[in-house]
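Please keep the sequence and the structure open beside you as you read.

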Amino acid sequence: MSRLGSATPPIDISKKKAEARLDEAQKRLLRLRLLLGGQIGEKRIGPPLTCVFEGWDASGKGGAIKRLVAPIDPRHVRVSQFAAPTYDEKRHHFLWRFWPKMPGWGGMTVFDRSWYGRVLVERVEGFATKEQWQRAYNEIVEFERTLTAEGMIIVKFWMHVSPEEQLRRFEDRAGDPLRTWKLTDEDWRNREKRPQYEAAVEEMLERCDPTWAPWRVIPGDNKHYARFAVVEAVCEAIEAELTKRGYEI
């Protein structure tokens with residue numbers, strides 16, 4: 001059975017109601033982030049928080065990240081974006097380049113693309129050998145287990161859009177002179193390989209979904225729904241961990 005499911009949100013909600021729900025979630029997140037940082041409440045530094053974003057091209061990752069970090073003081077969050085590894089990064093194990101960006105206790109990092117590139121684009125495009133990407137599933141699970149065992153909260157999102165909605169967004173970008181930079185020839189080529197990418201995503205969701213770092217698939221055809229769903233999910237993950245640690249939230 002498909003883990004991706006439908007890209008249509010489970011509820012029909014207007015833009016106005018979605019924005020109100022987002023505003024409420026952002027206020028909730030701000031307070032939780034200050035608790036984690038030790039700025040308010042019991043004044044003890046909480047566990048590090050890592051949010052990982054993967055998804056289709058034009059799936060709304062950027063918009064969701066923007067709303068996620070909007071209420072937070074820039075000093076209290078870092079957004080790290082990853083593209084193809086450099087020549088020097090390729091000389092190391094594929095996880096090496098992500099370690100320096102990991103937050104310490106009281107910190108928060110948002111990853112725009114991540115170590116999952118190994119089992120997605122590197123797999124589909126042949127940038128990693130079959131032996132390398134097949135081995136990576138266990139390496140990733142153990143990597144995340146190590147981080148969460150040390151106390152980290154990991155919230156992972158797959159931003160899911162239908163091929164039809166993706167095409168509409170591509171065409172919107174192509175017609176907007178201030179957003180054409182977001183659309184590349186590679187984006188168009190990737191659409192032609194959607195079946196191969198879907199197979200890779202399904203296997204990733206199946207094999208890298210441990211209880212300590214589960215995947216959250218966000219139906220993104222309605223971007224307004226997707227944005228508040230992401231912020232609410234992060235709030236829920238923080239609240240669950242803080243409750244377990246005896247915080248008053």
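Helices (H or I, at least four residues) and strands (E, at least two) are DSSP runs, numbered from the N terminus. This is a predicted model, in which local features need pLDDT of at least 70, side-chain atom pairs count only at pLDDT 80 or more, and totals for chains, interfaces and linings use all residues. Residues are numbered from 1 along each chain as its sequence is written, and side-chain values use heavy atoms, with hydrogens and water left out.

1. **Arg33.** Arg33 is buried, with a relative accessible area of 3%; buried means under 20% relative accessible area, exposed over 50%, and partly exposed in between (1.4 Å probe, protein chains only). Not counting residues up to four places away in sequence, Arg33 touches Gln39, Ile72, His76, Gly106, Gly107 and Met108, where contact means heavy atoms within 4.5 Å.

2. **The largest nonpolar core.** A nonpolar core is a set of buried Ala, Val, Leu, Ile, Met, Phe, Trp, Tyr and Cys residues joined through side-chain atoms within 4.5 Å. The largest one has 37 residues, and those touching the most other members are Leu49, Cys51, Phe53, Leu68, Val110, Phe157 and Val234. Two or more residues come from each of α1 (15-37), β1 (49-55), α2 (61-69), β3 (108-112), β4 (153-160) and α8 (223-244). The most is given by α8, with twelve residues. As background, nonpolar side chains tend to be buried together in soluble globular proteins.

3. **Phe53 and the second core.** Which residues does Phe53 touch, not counting residues up to four places away in sequence? They are Lys61, Ala64, Ile65, Leu68, Val110, Phe111, Asp112, Arg113, Phe157, Met159 and Val230. A second, separate core has 34 residues, including Trp133, Leu147, Ile154 and Val201.

4. **Helix α2.** The buried residues in α2 are Lys61, Gly63, Ala64, Ile65, Leu68 and Val69. These buried residues pack against α1, β1, β2 (78-81), β3, β4 and α8.

5. **Two loop residues with positive phi.** Ala58 lies in the loop between β1 and α2, and its phi is near 65°, a positive value in a residue other than glycine. Ala58 is buried, with a relative accessible area of 7%. Arg113 is in the loop between β3 and α3, with phi near 75°, again positive in a residue other than glycine. Arg113 is partly exposed, at a relative accessible area of 25%.

6. **Glu122.** Is Glu122 buried or exposed? Glu122 is buried, with a relative accessible area of 12%, and its place is in helix α3 (residues 121-124). Leaving aside neighbours within four places in sequence, Glu122 is in contact with Gly117, Phe127 and Ala128.

7. **α6 with α7.** Helix α6 (residues 185-192) and helix α7 (residues 194-207) pack at an angle of about 80°, with their axes 5 Å apart. Axes are lines fitted to C-alpha atoms, for helices over the stretch in contact, and angles run from 0 to 180 degrees between N-to-C directions. The two helices are therefore roughly perpendicular to each other (angles under 35 degrees count as roughly parallel, over 145 as roughly antiparallel, 65 to 115 as roughly perpendicular and the rest as oblique). Asn190, Arg191 and Glu192 of α6 make the contact with Arg194, Pro195, Gln196 and Tyr197 of α7.

8. **α5 with α6.** Helix α5 (residues 163-174) packs with α6 at an angle of about 160°, with their axes 12 Å apart. That makes α5 roughly antiparallel to α6. The contact joins Pro163, Gln166, Leu167 and Phe170 of α5 to Asp187, Trp188 and Arg191 of α6.

9. **α4 with α7.** Helix α4 (residues 130-149) and α7 pack at an angle of about 35°, with their axes 10 Å apart. Here Trp133, Gln134, Tyr137 and Val141 in α4 meet Glu203, Met204 and Arg207 in α7.
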